[in-house]
Amino acid sequence: MSASTITDKSIDMQKKDFIICAPLELVFLSHGAMTLVQLARAIERSGRSAFVCTYQFVNGREAILDIDFDSYQPANAAEKVFVDKVNRVRSEFGIRMLRNFTPERIDGCYVVYPEVMRFNALNAKRVVRYFLNKDTHVPNTRVEVGPDDFVLSFSDAMHPDPHHVSLYVGDDSALFNNEGTYPATERKMDITYIGKGDQYGLSGVIPGTIEITRTWPTTKEQLAILLRNCRFFYTGDACTKLNLEALSCGAIPAFIHNGPWTDAEIDGGEFGVFPRLHAGTKERDTFLETFEVQRTEYLGRLRSYIDGWDANIARFIEKVDAHFDAR
């Protein structure tokens, strides 16, 4: 055996770093993007190294941005907005950006792609596919999962056969709660949110409601104030953290469109039945009493996942090591 072979083998047995591809400019607008950043942070807390690179879509295909955000000079106003958003994420979350894009560096790492990245943009040898939504949630697209790829899923509902499930919801209980608020039945304001429902032809606002969007309100604090005063939260997006935030604030979610999800899938997740207003509910029914019991139980189950996030990521790392060591 040659010295070079011994060296290559010893390097291969080292604990590999993680590279996480994330749309950093969307972190404060998308829970999926936030989850990728929090994955990097949890990997770092476990004692392993995680580096983040960002990307954009060019002609429908993902393109990795090999940019030094410390020194890059934007060419126009749009670029400045983009760079400022990325640098805000770097500053607030303390993530490390990938600097070395050589094939040797990429080959020595595990590369994590979210499901919106269908291809292997970095031409990585060891790929982790993180399904933060269904593979088919964007029509006419499929992720090109390689035979040796590791499949990580946000929830059992996102992928039929993942190697690991890692659901991040974050701990926003200090902001999104119903402490000191009126019961939902005594509130006067209703809200409509379309979100990803626009991908399925949903548009317009429920009459008499206030519309919130991905960009308004502009702060979480403003959003919490609205939700804590909301009675019915009409949502056209069955896969958004906003539904959970509304529920936490004591509002009653009402799904006006499930998108690609069935009721069984929505209620068959890790937390159980999602409390909401169902079609056909009548005022004389005991819905409100049942809703409040279900809401309390649901949020209690959610708490265990919040507290177990770091332990879950530690198990994920062990599984990834074992998965690729076996190959």
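How many bridges join E11 to strand E12, and in which sense do the two run? Four bridges join them, and E11 and E12 (residues 252–255) run parallel. Before I go on, please keep in mind that this is a predicted model.

I'll stay with E11 for a moment. This strand covers residues 230–235, and five of its six residues are buried. On the E12 side, Tyr234 stands opposite Ala254.

Next, Asn177. Where is this residue? Asn177 is in the loop between strand E8, residues 164–165, and E9. Is Asn177 buried or exposed? The cut-off for buried is under 20% relative accessible area, and Asn177 has 12% relative accessibility, so this residue counts as buried. Setting aside neighbours within four places in sequence, the contacts of Asn177 are Arg228, Ser248 and Cys249. There is also a C-alpha distance to note: Asn177 and Ala224 are 47 residues apart along the chain, and their C-alpha atoms are separated by 8.2 Å.

As general background, in soluble globular proteins nonpolar side chains tend to be buried together. The largest nonpolar core in this model has 65 residues, and the members that touch the most others are Phe18, Leu24, Ile43, Tyr130 and Phe316. Which helix gives the most to this core? That is H2, residues 31–45, with eight residues.

Residues up to four places away in sequence are not counted in what follows. Among the residues Tyr130 touches are Thr35, Leu36 and Leu39. Its list also includes Val112, Tyr113, Pro114 and Glu115. Leu152, Ser153 and Phe154 are touched by Tyr130 as well, and so are Ser166 and Trp309.

How many cavities of 30 Å³ or more does the structure hold? It holds one. The largest cavity contains about 70 Å³ of space. Its lining is made of 13 residues, with Lys196, Tyr200, Asp237, Pro260 and Trp261 lying nearest the centre. By class, the lining divides into five nonpolar, six polar and two charged residues.

Definitions and conventions: Residues are numbered from 1 along each chain as its sequence is written. This is a predicted model: local features need pLDDT of at least 70, side-chain atom pairs count only at pLDDT 80 or more; totals for chains, interfaces and linings use all residues. Side-chain values use heavy atoms; hydrogens and water are left out. A nonpolar core is a set of buried Ala, Val, Leu, Ile, Met, Phe, Trp, Tyr and Cys residues joined through side-chain atoms within 4.5 Å. Buried means under 20% relative accessible area, exposed over 50%, partly exposed in between (1.4 Å probe, protein chains only). Contact means heavy atoms within 4.5 Å. On a 1 Å grid over the protein atoms alone, a cavity is a set of points where a 1.4 Å probe fits but cannot get out, and a pocket is an open set with protein on both sides within 12 Å along at least five of seven lines; lining residues have an atom within 4 Å of a point. Grid points are joined across faces, edges and corners, and a volume is the space filled by probe spheres set on the points. Ala, Val, Leu, Ile, Met, Phe, Trp, Tyr, Cys and Pro count as nonpolar, Asp, Glu, Lys and Arg as charged, and the others, Gly among them, as polar. Two strands pair if DSSP finds at least two bridges between them.
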